[in-house]
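Subject: Structure for your review

Dear colleague,

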Amino acid sequence: MTRVVYISNGESSQVNRLSKSMRMNRRDPFTGRKSCTKEARHLYIFFTEGSCTEQIYLNELKTDKRVKQNIKLEVLNRGKGLSGRANPNTMLLDIIEFMAEVSKIPKNDNSRISQYYNDLCAGNAPLSRLEVTIQGLRKLTDKYPNILSEDKNGIKQQLYSISLISTYDPLYDKICLIIDRDKCSFTEDQFDEVIEKCSEYGFELGISNPCFEFFLLMHLSNLDSIDKKCLIENAKENKKTFTQILLEKYTLEISGSQYKKEKYNASEFISKIDIGIQNINNYETVNERLKNSVGSSVFRIIETILDLG
């Protein structure tokens with residue numbers, strides 16, 4: 001995606017056009033899910049601000065036995081060339097544009113995208129088939145340059161993301177954004193706009209203030225001995241934030257393992273999800289109030305996904 005379309009308040013009707021278009025193009029190349037039935041599986045599609053810490057946790061959550069039987073979780077990158085963009089506001093607008101672009105793809109091209117994805121995943125596909133796939137991909141990248149590229153390392157993820165988003169049905173499914181309340185790159189006006197846009201488009205929004213590592217800390221401790229002012233300021237020391245230092249300390253003391261942003265044992269945290277849900281009750285969980293208060297609303301999304309009875 002080479003540009004971002006900024007959507008004004010006067011264009012709220014676009015969500016209705018987007019929803020209608022996606023329902024018309026609806027198909028599921030991976031699970032065979034039938035639409036418009038009470039038994040349909042609900043798809044929760046997660047987009048994250050960070051590309052490591054949050055995705056490690058969510059990809060592990062996908063495999064948890066407590067995920068409700070009628071719910072399927074997927075974690076997607078934001079699309080072609082979009083990782084690392086400035087703040088959650090641009091992240092949201094990127095996702096809206098990506099979904100709008102996908103909704104324009106005709107059914108026959110969606111079928112090709114699904115087939116090419118399966119061809120690339122097949123380890124024993126004949127060479128002649130792969131040559132046809134490569135030629136077809138070149139045509140598609142020329143036809144849809146905003147959402148497809150010839151990046152060898154990312155093409156499979158791009159194809160999968162398009163195929164998955166093409167099955168999205170707002171009547172049954174959820175788009176979930178997981179973001180941090182980073183005051184350095186996320187202004188108050190942008191914060192308000194993200195909440196407004198997510199409400200307009202029916203997206204679920206999980207915010208952690210100051211950051212996702214605070215959300216992880218809740219699995220280990222209620223932090224009642226820690227000054228909330230220190231948490232919300234989240235100052236850096238030797239290139240590590242206050243919450244990162246705390247998380248490394250508590251992870252080692254409680255689990256006997258090491259925490260690193262790009263590599264940690266997410267299953268240890270998820271096994272303590274009940275503790276996290278209990279601990280977060282001591283903090284803020286309402287998105288509007290997370291602008292200036294320590295807390296996280298991510299647990300509220302997870303509670304709808306897991307069978308915690």
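In this predicted model, helix α4 (residues 107-121) packs against helix α5 (residues 127-143) at an angle of about 135 degrees, and their axes lie 10 Å apart. The two helices are therefore oblique to each other, and the crossing of α4 and α5 is left-handed. On the α4 side, the contact is made by Asp109, Arg112, Ile113, Gln115, Tyr116, Asp119 and Leu120. The α5 side supplies Arg129, Leu130, Thr133, Gly136, Leu137, Leu140 and Lys143. Sorted by class, the residues of the contact of α4 with α5 are six nonpolar, three polar and five charged.

From α3, the residues Pro88, Asn89, Leu92 and Ile96 take part, and they meet Gln190, Glu193, Val194, Lys197, Cys198 and Tyr201 in α7. By class, this contact of α3 with α7 holds six nonpolar, two polar and two charged residues.

Phe98, Met99 and Val102 of α3 meet Ser161, Ile162 and Ile165 of α6. The class count for the contact of α3 with α6 is five nonpolar, one polar and no charged residues.

I turn next to the backbone. Most residues other than glycine have a negative phi, and most peptide bonds are trans.

The peptide bond from Asn209 to Pro210 is cis, and its omega is near 20 degrees. Pro210 is found in the loop that runs between β4 (204-209) and α8 (212-217).

Asn234, although not a glycine, has a positive phi of about 50 degrees. This residue sits in the loop between α9 (228-233) and β5 (236-237). Is Asn234 buried or exposed? Its relative accessibility is 14%, so Asn234 counts as buried, the cut-off being under 20%.

Lys239 is likewise not a glycine and has a positive phi, in this case of about 70 degrees. Lys239 belongs to the loop between β5 and β6 (240-241). At a relative accessibility of 78%, Lys239 counts as exposed, because the cut-off for that class is over 50%.

Finally, some totals for the protein. Its secondary structure comes to 13 helices and seven strands. Of the 309 residues in the protein, 52% are buried. Among contacts with a separation of 6 or more, 76% are between residues 24 or more positions apart. The protein exposes about 15100 Å², of which carbon and sulfur atoms supply 47%.

With kind regards

Conventions:
Residues are numbered from 1 along each chain as its sequence is written. This is a predicted model: local features need pLDDT of at least 70, side-chain atom pairs count only at pLDDT 80 or more; totals for chains, interfaces and linings use all residues. Side-chain values use heavy atoms; hydrogens and water are left out. Contact means heavy atoms within 4.5 Å. Helices (H or I, at least four residues) and strands (E, at least two) are DSSP runs, numbered from the N terminus. Ala, Val, Leu, Ile, Met, Phe, Trp, Tyr, Cys and Pro count as nonpolar, Asp, Glu, Lys and Arg as charged, and the others, Gly among them, as polar. Buried means under 20% relative accessible area, exposed over 50%, partly exposed in between (1.4 Å probe, protein chains only). Accessible areas come from the Shrake-Rupley method with a 1.4 Å probe; for residues, only the protein chains shown count as cover. Axes are lines fitted to C-alpha atoms, for helices over the stretch in contact, and angles run from 0 to 180 degrees between N-to-C directions. Angles under 35 degrees count as roughly parallel, over 145 as roughly antiparallel, 65 to 115 as roughly perpendicular and the rest as oblique. A crossing is left-handed if the near helix is turned anticlockwise from the far one by less than a right angle, and right-handed if clockwise.
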